[in-house]
Amino acid sequence: MKKWNVGTRRSRLALTQTNWVVEQLQKLEPNASFELHEIVTKGDKILDVTLSKVGGKGLFVKEIEQSLYEKETDFAVHSLKDMPAELPEGLVIGAIPKRVDPRDVLLSKDGKTLDELPQGALVGTSSLRRAAQLLAYRPDLQIESVRGNIDTRMRKLHEGNFDAIILAAAGLERVNFEGEISQFIPVEISLPAVGQGALAIECRSDDEETLALLRRLDDEPTRQAVTAERTFLHKLQGGCQVPIGAYATVTDGVIQITGMVGSPDGKQMCKSSASGSDPVAVGLQVAEAVLKQGAADILAKVLQENEK
Ligand SMILES: NCc1[nH]cc(CCC(=O)O)c1CC(=O)O
């Protein structure tokens, strides 16, 4: 009987996602067994520093990738949005299952929507992307950093530290907290992070047996959409701690993508859309369009801030 060793982070969200993947695979391979290996990452340990200041790239995936190299594990389940644009040598994304809701959501006191929040309300988010788009829409809001996993952030809201916080719909739905959502923020107001709402299952590029297993969970339209988004991110040389957002959909084989780069204060916003049948081509096209609007200057300034 074949046994697969599966790497996962230890947070409730990570374990829920990994268990979901294992459940799907178990249905396809009733005779195989799967053993979970919980791995604590650097990103889980550093909770008191703003993420963008600890040099974010792949903070949540490095230790997990090490265990793949050492063949302690055969595959690992990640939130795609936590994956750097470029994978290290020898590792690939073996499957991208069908994406769930990609939107950001607002959780607020008394269920208020973005438009109903009082003047100058305090909103918790440590994402520069969310801050930029929120302030572009409501310049009066005050943004403050909030770290920790979903439970910690919701506790801070309930304790009265904030008027509202922003999270990803996908994470809340996966851990059955969708009842806490006050508003699904339209993508026209807040473009999601690249890959938000999608999972990535990572494995060794030469492990044919695992690749064949994972391929069965791959969703082609999702893969095309996130390929376009990740091409956009890669072209802008962005990791996950930059004010970059993108969202692509696929309809009858046509990919439609919108991408943005904004200054964290929301005052400068570069945004463009493209469509076509080649995910890489449309991703590059949008990246060039926002670069023409001045995205490089915004990103350089953010990098400079992070180094301080
Ligand atoms: N940055 C942490 C993270 N990574 C993935 C998700 C949610 C699940 C997803 O977007 O796939 C979250 C939490 C959040 O942003 O609210």
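Me: Hi! Which residues sit on one side of β5, which on the other, and are they buried or exposed?
Reply: D104, L106 and S108 lie on one side and V105 and L107 on the other, and all of them are buried, which leaves both faces of β5 covered. Buried here is 20 or more other C-beta atoms within 10 Å of the residue's own, with C-beta atoms placed from the backbone. This is a predicted model, where local features need pLDDT of at least 70, side-chain atom pairs need 80 or more, and totals for chains, interfaces and linings use all residues. Residues are numbered from 1 along each chain as its sequence is written.

Me: And how many residues of β5 are buried?
Reply: Five of the five residues in β5 (104-108) are buried, so "mostly covered" is the description for this strand. Strands are DSSP E runs of at least two residues and helices are H or I runs of at least four, numbered from the N terminus.

Me: What does β5 pair with, and in which sense?
Reply: β8 is joined to β5 by five bridges, running antiparallel, and β9 (183-184) pairs with β5 in the antiparallel sense over two bridges. Pairing takes at least two DSSP bridges between the strands.

Me: Switching to the ligand: what surrounds it?
Reply: The shell around the ligand consists of S79, K81, D82, L167, A168, A170, G171, Q196 and G197. The cut-off is a C-beta atom, placed from the backbone, within 6 Å of the molecule.

Me: Where in the chain do those come from?
Reply: β8 (164-168) and helix α6 (169-174) each give the shell at least two residues. By domain, at least three come from each of domain 1 and domain 2.

Me: How is the chain divided?
Reply: Domain 1 covers 3-97 + 199-218, domain 2 covers 104-184 and domain 3 covers 244-307. Those bounds come from an automatic or database domain assignment. Between the C-alpha centres of domain 2 and domain 3 there are 23 Å.

Me: What about the five-stranded sheet, what's its order?
Reply: The sheet is open, with mixed pairing, in the order β2-β1-β3-β10-β4. β2 (33-38) and β4 (91-95) are at the edges with a single partner strand each, so one side of each has no neighbour in the sheet.

Me: How do β1 and β2 run, and how many bridges join them?
Reply: β1 (3-8) and β2 run parallel and are joined by six bridges. G7, for instance, has H37 of β2 as its bridge partner.

Conventions: A residue is buried if 20 or more other C-beta atoms lie within 10 Å of its own, exposed if 12 or fewer, and partly exposed in between; C-beta atoms are placed from the backbone.
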